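The sequence and structure are shown first.

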Amino acid sequence: MINALVLVGFFVIVTVVLFTKEYMDINQGCIREAESMSHMLSPQAAAALAFDDRERARDILATLSAQPNVREAAIFAPDGEVFGQYASDGFLRQAKRPSFTGAASGEGHDYAIHKAVLLDGDLVGSIYLLADASEYYEPLVRRAAFMTGGLALLLGLMAYMLFVLQARAVTPMTRILGVMEHVTGTKDFSLRVPMAEDDENSSLARAFNEMLRSIEERDRELAAYRSDLEGIVASRTSELRHEIGKRAQTQERLEQALADKEVLLKEVHHRVKNNMFVVGSLLGMQARTVDDPALRQKFTETQQRIKSMSLVHELLYRRSDLERISVREYFGALLGELRRSCGCIAAGVSADIQIEDIQLDIDHLIPLGLVVNEIVTNAYKYAFGQTGGTGGTLRFRLRTDDRGKTMLIEVGDNGPGMKTPEGEPTTLGLVMIHSLVAQIKGSVALDASSGGVRYTITVPIHE
Amino acid sequence: MHKRFAFALGWLAPLAAIVALSALCRASEVRAAPEPEAREQLVKAAMLYNFARYVTWPDEAFASAPGRIVFCMYGPDGFGPFMRAISGKTVDGRIVEVRDLGQKGAEAGGCHLLFVGEADVSAVRTLLKGLDARPVLTVSEHPGFSDKGGMVALFKREGKLRFHINFELARAAGLRVSSYLMDLSQVP
């Protein structure tokens with residue numbers, strides 16, 4: 001509609017401009033025509049004026065009867081006296097010389113020309129023409145009236161179309177939009193667009209109302225579902241809370257039981273260690289009553305073996321972890337105890353000890369502890385015993401291999417070495433070593449070929 | 001639209017005096033003459049001056065004095081003062097010189113315009129014959145002037161001075177008379 005109004009406005013402006021241009025052209029054309037006539041008559045008028053021939057002047061003006069649009073004409077003497085006069089209707093009015101020179105518009109579509117009449121540059125009078133340009137303006141006026149009527153008709157038609165559009169499209173659409181905005185703002189889907197006529201807008205309103213009804217119904221269902229769901233959630237939450245409470249109680253009981261078990265286990269380890277200490281002390285007391293040095297040595301060795309075992313239990317009950325013990329801590333303590341028990345011999349022996357810090361369970365440690373006890377005791381006794389320990393070196397290496405699945409223990413000395421036994425071991429020490437290593441599914445290798453003795457023990461630890 | 005081109009003509013009023021008449025008013029003799037007769041003489045002198053404006057002479061007519069046009073009077077000297085009033089005016093850039101020939105018609109050949117005053121018929125015939133188709137515009141109030149070989153005959157009609165031009169004679173003398181003058185020419 002705006003575009004149509006702009007178009008009409010443009011049309012009106014263009015029309016006005018064109019009409020104004022045409023009006024000015026007609027005006028200028030009339031003036032040019034009058035000037036042409038006056039120019040044509042001027043020499044004749046000059047001659048008539050020069051020879052004071054008024055009759056001739058009237059004759060000259062009478063030729064204007066061929067120009068029906070010329071209503072009046074006059075020739076004036078220089079003093080303003082009327083020298084000759086003409087009127088198309090034959091009625092000569094009292095003529096008076098105009099006060100202007102040139103062209104001028106008169107009443108209605110009249111226009112006038114008043115020009116001086118010169119003869120060889122001398123003013124001999126003036127000539128005046130009054131013409132009616134109605135016949136020139138008439139078509140323009142008719143066209144303007146036609147255009148104005150057409151424009152009025154067009155505007156009327158546009159106004160009618162605007163009214164119809166407003167009544168049939170804009171108002172129903174505005175009503176629908178109003179309900180849309182209200183529904184959007186309030187979320188009240190119970191509203192409905194009122195419907196007046198059965199047309200496209202009513203179809204739209206009906207569809208919109210149907211959509212609102214669907215949304216309202218869906219909201220009701222959702223509300224019902226939400227209510228049911230809340231009940232289900234509340235019930236399930238209650239159950240879960242109850243279950244969580246039960247589990248917490250169970251966990252608490254389990255933790256308590258575990259703590260009790262740990263306390264109990266520590267107590268067991270403590271008592272085992274104490275009992276082993278008592279056994280060791282009894283063996284020591286018994287050894288002191290024996291006169292035979294060899295027998296006494298047996299007692300002492302046994303006492304030492306029991307110590308190596310009790311050391312495991314001691315470390316277990318002192319630590320928080322009741323299942324696994326640091327091998328570095330255990331073997332460090334065990335080697336120190338063996339060094340102390342061997343007294344003056346061990347004093348001259350230097351220790352080359354490297355232990356990887358890993359954790360190991362009691363099932364591996366007690367056999368390994370007995371094995372190491374046996375090997376190190378033998379080293380102090382046989383490798384360094386003859387020299388009093390001077391210049392001796394005890395070498396101990398413990399590390400894991402095969403990505404932590406295997407533990408390697410190397411125990412060796414730089415003593416005089418020993419004869420490698422052939423076949424099955426016969427001495428108690430070696431039997432014990434092989435037996436204990438086999439107990440934990442390990443293997444032991446003895447190398448005494450290049451001076452000194454070196455045991456290599458390989459044990460799967462499944463770490 | 002009213003677009004007026006208003007140029008006052010008021011200042012033209014003082015200049016609006018009749019061109020010839022205003023000039024003629026200088027003569028003291030004119031002021032002393034009776035009003036109607038003096039006015040008639042002034043009109044006649046102005047008419048002679050205007051004849052010269054509408055007539056074209058051949059170039060050879062001005063061979064001796066290119067910048068002058070000679071108006072001559074033949075006959076009594078009664079018209080002389082009025083004629084002398086136009087002396088010094090210009091026609092087509094040439095200065096008007098007025099000569100009073102008196103009865104010496106033989107000198108009329110050096111004139112461009114010859115006004116023949118009161119004279120008998122035979123003298124007029126002799127004068128005109130002596131010009132013998134020379135480019136001299138002859139003007140006179142003498143009755144039957146055209147019939148006697150004159151070019152412009154002046155006469156009165158309804159109290160107004162009118163004229164008749166014998167164009168054949170004028171053309172034969174080498175003069176070109178404006179068509180505007182033809183329009184004003186009347187049969188006596």
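Is A:S38 buried or exposed? In this predicted model, A:S38 is buried, with a relative accessible area of 1%; buried denotes under 20% relative accessible area, exposed over 50%, and partly exposed in between (1.4 Å probe, protein chains only). A:S38 belongs to helix α1 of chain A. Beyond its neighbours within four places in sequence, A:S38 is in contact (heavy atoms within 4.5 Å) with A:I113, A:K115, A:I127 and A:L129.

A nonpolar core is a set of buried Ala, Val, Leu, Ile, Met, Phe, Trp, Tyr and Cys residues joined through side-chain atoms within 4.5 Å. The largest such core has 75 residues, of which B:F51, B:L137 and B:F163 touch the most other members. Helix α1 (residues 2-50) of chain A contributes the most to this core, namely 13 residues. Another core, of 47 residues, lies apart from it and includes A:I325 and A:V437.

| Property of chain A | Value |
|---|---|
| Helices and strands (DSSP runs: H or I, at least four residues; E, at least two) | nine helices and 12 strands |
| Buried residues | 36% of the 463 residues |

Residues are numbered from 1 along each chain as its sequence is written, and chains are lettered from A in the order in which they are written. Local features need pLDDT of at least 70 and side-chain atom pairs count only at pLDDT 80 or more, while totals for chains, interfaces and linings use all residues; side-chain values use heavy atoms, leaving out hydrogens and water.
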